[in-house]
Structures are given as C-alpha cells and as structure tokens.
Amino acid sequence: MKAFSVSKAVTALMLAGLVLLPLYSYLSGNVFILTLFTRIVILALAAASLNLIMGFGGMMSFGHAAYLGIGGYAVGMLAQEGVGSGFIQFPVALAASAIYALVIGALSLRTRGVYFIMITLAFAQMAYYVASGLARYGGDDGLTVYKRSDFSGLINLSNRTQFYYLCLACLFGVIFLIWRIVNSRFGLVVQGLRSNEQRMQAIGFPAKRYQLVCFVISGTMCGLAGALLANNTDFVSPAVMYWTRSGDLMVMVILGGMGTLFGPVIGAVVYLLLEEFLSQITEYWALIMGPLLLLIVLFGRGGIMGLLGRLNRG
Amino acid sequence: MLLVVEQFLNGLQFGLLLFLLAAGLTLVFGIMDLVNLAHGSLYMMGAYFAATFAAWTGSFLLGALLALGATLVLGIVLEMSALRHLYGRDHLDHVLATFGLILFFNEAVRLIWGPAGLALPLPAWLTVPVPILPGIHYPAYRLAIIVVALLVALLLYLGVMRTRVGMLIRAGASNREMIGALGINIKLLYTLVFGLGAALAGLAGMMQAPILTVQIGMGENILILAFVIIVIGGIGSIRGAFLAAIFVGMIDTLGRAFLPNLLRQVLSGAAASTAAPALSSMLIYLLMAIVLVVRPEGLFPAHRR
C-alpha cells in the first residue's frame with residue numbers, strides 16, 4: 001500500500017483549486033479568471049468524454065468537436081425558436097448528440113485503426129459544413145444565443161458563480177459516471193476489447209455492440225459540454241466543430257494522461273492556461289505551442305499523469 | 001450543354017488536383033506507416049512559395065519551379081528533423097505531432113507573410129480561353145492543370161512500377177525489415193519518399209493558388225477531402241487514390257453546380273435554396289458512408305501484408 005502518491009496529491013490540489021476558484025475570484029476582484037476557468041471546466045468535460053472512448057476504449061475519435069457543436073446548436077436553435085427552458089434544451093441537446101453518435105459510431109466502427117481516425121474526422125467535417133449551410137441559423141457567421149437556458153429560477157446561468165458551479169458539477173458528475181462505467185462489467189469488456197478484440201469476440205462478446213454503446217455514451221457527455229459552451233459564450237458557430245477543435249480535445253487528453261480518470265482535466269487546465277499564458281507573451285503563441293506538442297509526443301509518454309507517476313517511483 | 005461540359009472539366013481538374021494531394025498522403029502512409037496531418041501545410045507552403053518566388057523573379061514558370069524545389073527541400077528537412085523519430089510509434093502519436101506542426105506552420109506563415117492572403121497572378125498566355133469543342137471554350141490554365149496532373153500521375157505510375165527506386169519503394173511498403181537487411185539505405189529511401197510526397201502536395205498547392213487566394217489554413221479543408229479520397233480508395237493504394245480522387249472531384253463539383261436546380265424540381269424554391277448548399281457539401285461524405293458500409297477497406301485496397 002502506498003502511503004503517499006504524487007499524482008493523487010496533485011489531483012486533489014487541482015480539484016480543491018477548482019472548487020475554491022470563485023472564492024479567489026471574489027476576494028481578488030479578478031472576474032476574468034472565473035470566465036476563463038468556466039471555459040476550461042467545460043472543455044475539460046469534453047476532454048473527459050473523449051477519454052472514455054479513447055483512453056479506456058481504444059477508439060481514437062478525431063471528430064469529437066462535432067458533439068460540442070450539436071449540443072450548442074440544439075440550445076441555440078431552440079432559443080431562436082422561442083423555447084428558452086433548459087429543461088427542454090438540455091435533454092434535446094443530449095438526445096441529438098446521442099443520435100448523431102449512434103449513426104456515426106455504427107458507420108465508423110465498421111473500420112479500425114487509422115481508418116477510424118480519418119472517418120470520425122471526416123464526419124465531423126460534414127457536420128461543420130452542414131452547420132455552415134444553415135442560413136436560417138446564421139450559416140457561416142454563427143448563431144447568437146440571446147438568452148441563456150432558463151431553469152425556472154433553480155439556477156441562474158447569467159450569474160457567473162452559479163454558472164461556474166453548474167459546469168463544475170457537470171464535470172464531477174461525468175467523471176463519477178466514467179469511474180462507475182470503467183469499473184463495471186460493461187467497462188471491463190470495453191477495456192478488454194481495447195487490448196484484444198479477437199479474444200473477446202472468441203469468448204462470445206458482441207464486440208461492436210459494446211463499443212457502440214460506449215461511443216454513444218461518450219458523445220452524449222460531450223453534447224452536454226456543447227450545451228454548456230453555447231451558454232457560456234452566448235454564441236454558437238460552425239467553428240466550434242472545426243476539426244482543429246477536435247485536435248485540441250485530443251491534445252488535452254494525451255497531455256494530461258490518456259486512460260486516467262483525472263488526466264483529461266489536468267490536460268485541459270494545463271493546455272488552456274498555457275495557451276492563455278503564451279498568447280499574452282506573444283501574438284504568435286502557436287509558434288511555440290506547435291513544437292511543444294511535438295516534444296511532448298516524442299518525450300512525454302503517458303502525459304502529465306505518467307510523469308507524476310514516475311516522480312512517485314523516484 | 002456548355003455548362004455540363006464546363007462543369008465536367010472543372011470536376012476532372014479538381015479531382016486531379018486532389019489526386020496529387022492524396023497520392024503523397026497515401027504514399028507516405030503506405031510506405032512509412034506515418035499519418036501526416038501536416039500534409040495540408042505542405043500544400044499551403046507550396047502556394048506561398050509560388051506566390052513569393054513568382055513575385056521575386058517576375059516569371060510564373062520560374063516561380064513555380066523554384067517553389068517545387070523549395071517544398072521538396074522543406075519536406076526533406078521536416079522528415080530529417082522531426083518526423084523520422086515517429087516511425088514505429090502509435091498512429092495517435094503521429095496525429096498529435098503533426099497536429100502540432102500544423103499550428104506551427106500556420107503561425108509561421110502569419111509571421112512571415114502576414115495575416116492577409118496573397119495573390120498569384122497568371123501570365124497572359126495562360127488566361128486565354130481555349131476552344132475544346134466547336135463553340136465551347138475552356139480556360140487555358142485549368143486545362144494546363146489537367147495536363148500537368150495527368151502527366152505527374154503517369155510519371156508516378158511509371159516511377160513506382162518500372163524503376164529500381166520504385167521497386168525499392170514497393171518492397172519497403174511490404175516489408176521494411178527485409179529491404180533494410182538487404183543493405184538498402186532505408187533511411188535515405190524514407191526521406192526521399194517523404195520529399196516526393198511533399199513536392200506533390202506543394203505542386204497541388206501552387207497550381208491551385210492562381211484560382212483561389214493563397215491564405216493561412218488553405219490546406220486544412222482540402223486535407224480532409226484527401227482523407228475522404230484515401231478512405232474511399234483504400235489506404236496505401238495509388239490506383240485507388242487516383243480513381244477515388246476523380247470520382248470525388250466530379251461529385252463535389254457537379255453536386256454544387258446542379259443540385260440546387262435538381263432540388264428546385266422537387267422542393268419549393270425557398271426550401272431548395274436552404275437545403276442545396278448543405279446537401280451538396282454533404283454529398284461526398286454520404287458517398288464515403290456508402291462505400292464504408294459496402295467495403296470498409298475501401299474500393300481498391302492495397303495488398304496488406
């Protein structure tokens with residue numbers, strides 16, 4: 001038994017920091033940091049959902065940003081049509097993401113490996129072009145969400161602190177769910193499929209059906225992040241679904257540590273803070289970020305979680 | 001009639017351009033097993049090099065030749081400095097590392113050439129309309145693209161199928177350890193193949209440059225099309241890439257040109273003009289979905305080991 005683990009300590013510190021952030025923002029009068037971290041928490045949720053299929057299921061989806069867009073557009077379109085209730089908007093966002101994931105998953109899971117990466121990527125681009133073609137809902141220019149989701153006074157999404165805690169609660173809820181899934185019989189089968197699909201099939205598990213269910217759960221979770229994101233920016237545009245956004249999510253997962261419960265959260269925090277920090281130093285921040293990613297891939301196996309684990313072993 | 005012939009040729013031209021891009025991508029993947037997302041960046045660099053060199057030298061052709069060389073050199077440098085360390089690694093590592101390269105290239109271009117796009121003007125002799133059928137004219141430049149791309153496709157085919165280097169390339173694709181053991185300098189071979197792929201992407205970029213503006217991120221949209229082509233044609237298969245590229249080029253161009261009118265026959269005018277742009281941009285993805293359902297390995301898969 002380990003008395004002390006660096007990665008656990010860092011994770012606990014980070015979670016405590018996330019919970020206490022509004023207090024710091026209030027005391028220091030720094031409103032910007034709360035806005036920044038609301039976005040970080042939402043994207044961490046999206047990264048965690050990607051990690052479920054990528055880290056635990058071995059399914060490298062390169063089109064995960066599509067669900068951000070679908071969840072966002074569900075909120076935006078309903079708001080535009082005069083349906084402002086969050087009790088309708090959020091379930092619709094989740095259902096739309098689930099249906100999209102079901103169709104795309106069923107098609108993409110016919111393939112494997114690099115084909116799977118490219119196909120999920122291409123289908124997300126399709127969603128991007130479809131949204132660009134929706135003239136009624138802003139087309140290329142995107143859709144302004146004039147009124148945030150209305151939860152009948154239970155939570156006020158226009159209140160920064162309340163909205164932040166809603167996002168954080170969603171993130172913790174999703175991570176709890178992933179923890180339950182990963183340790184369930186279902187999750188063990190999916191992880192078994194990652195390491196040896198043929199063997200699992202020989203034992204008698206319908207491989208594709210398990211993977212598809214996992215794929216749909218992941219997409220639905222990411223749709224939730226999309227609905228929150230639209231409320232956060234009061235705006236949704238095809239750009240949310242652009243394939244480089246899917247790449248960002250992938251980077252967050254890898255950077256933090258693929259296949260670990262809290263890795264994607266750490267990855268999202270580090271990646272987005274780094275982006276923020278570098279863009280303050282130089283306008284050309286991507287000039288540094290790009291090669292940094294290359295270096296992380298070449299030398300940083302297992303991401304930050306892996307690094308912390310090695311620290312622990314001495 | 002005029003419109004149909006013109007759109008047909010446009011489709012062919014676009015398809016051949018896509019082939020140049022897809023051929024490089026699938027060559028690198030088939031032989032080095034490397035997923036190179038930054039292939040679109042090389043396409044972009046080709047266009048920027050061409051616009052710059054053409055402005056310096058004052059000659060379109062000279063600029064194009066210099067740009068071709070520059071993209072080749074850039075590809076070789078890229079392979080030697082970064083990508084060769086990725087061979088044998090997970091595909092996911094390739095995706096991430098080359099994603100980082102895209103960020104880098106886009107930002108480097110912004111730094112060097114500025115955020116506004118460039119134009120690559122055509123010389124006068126390439127802007128004249130050429131009569132191709134009685135009463136039908138087609139722009140000389142688009143015709144030149146078709147000729148050049150067909151020529152490159154032929155050279156590529158002959159080079160891969162009929163020369164000694166081509167034989168080594170094919171051998172490397174089927175068993176890399178073996179040709180290394182036979183005393184072939186496989187490192188050099190890989191560098192050359194990557195350089196060739198880069199030059200093909202650069203060629204596509206510079207040829208497209210006079211038609212569209214040269215701008216940051218121009219390689220990213222077209223890269224996805226190249227992926228779709230590879231998936232439809234079968235990864236690692238040059239022949240598959242050729243046929244699928246022409247198919248996709250045709251479907252995309254003809255869909256955009258004729259779908260709105262077709263839809264107007266069935267739907268009301270307003271509904272048709274709403275649905276047509278979305279549907280025509282979905283067309284090739286629908287095609288890809290159908291191909292996947294029927295043949296998950298693509299239409300013309302290369303022989304797997």
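**Notebook: helix crossing, hairpin and one tyrosine**

I began with chain A, where helix 7 passes helix 9 in a left-handed crossing, a crossing being left-handed if the near helix is turned anticlockwise from the far one by less than a right angle, and right-handed if clockwise. The model is predicted, with local features needing pLDDT of at least 70 and side-chain atom pairs counting only at pLDDT 80 or more, while totals for chains, interfaces and linings use all residues. Residues are numbered from 1 along each chain as its sequence is written, chains are lettered from A and ligands numbered from 1 in the order in which they are written, and side-chain values use heavy atoms, leaving out hydrogens and water.

For the contact (heavy atoms within 4.5 Å) I noted R185(A), F186(A), V189(A), V190(A) and L193(A) from helix 7 of chain A, and A207(A), Y210(A), Q211(A), V213(A), C214(A) and I217(A) from helix 9 of chain A.

I found P129(B) opposite P139(B) in strand 2 of chain B. The hairpin has 2 residues between these strands, and G135(B) takes a positive phi near 85° in it.

Last, I looked up Y157(B), which lies in helix 5 (residues 140-162) of chain B. Y157(B) counts as partly exposed because its relative accessibility is 45%, where buried means under 20% relative accessible area, exposed over 50%, and partly exposed in between (1.4 Å probe, protein chains only).

Key. Helices (H or I, at least four residues) and strands (E, at least two) are DSSP runs, numbered from the N terminus. Two strands pair if DSSP finds at least two bridges between them.
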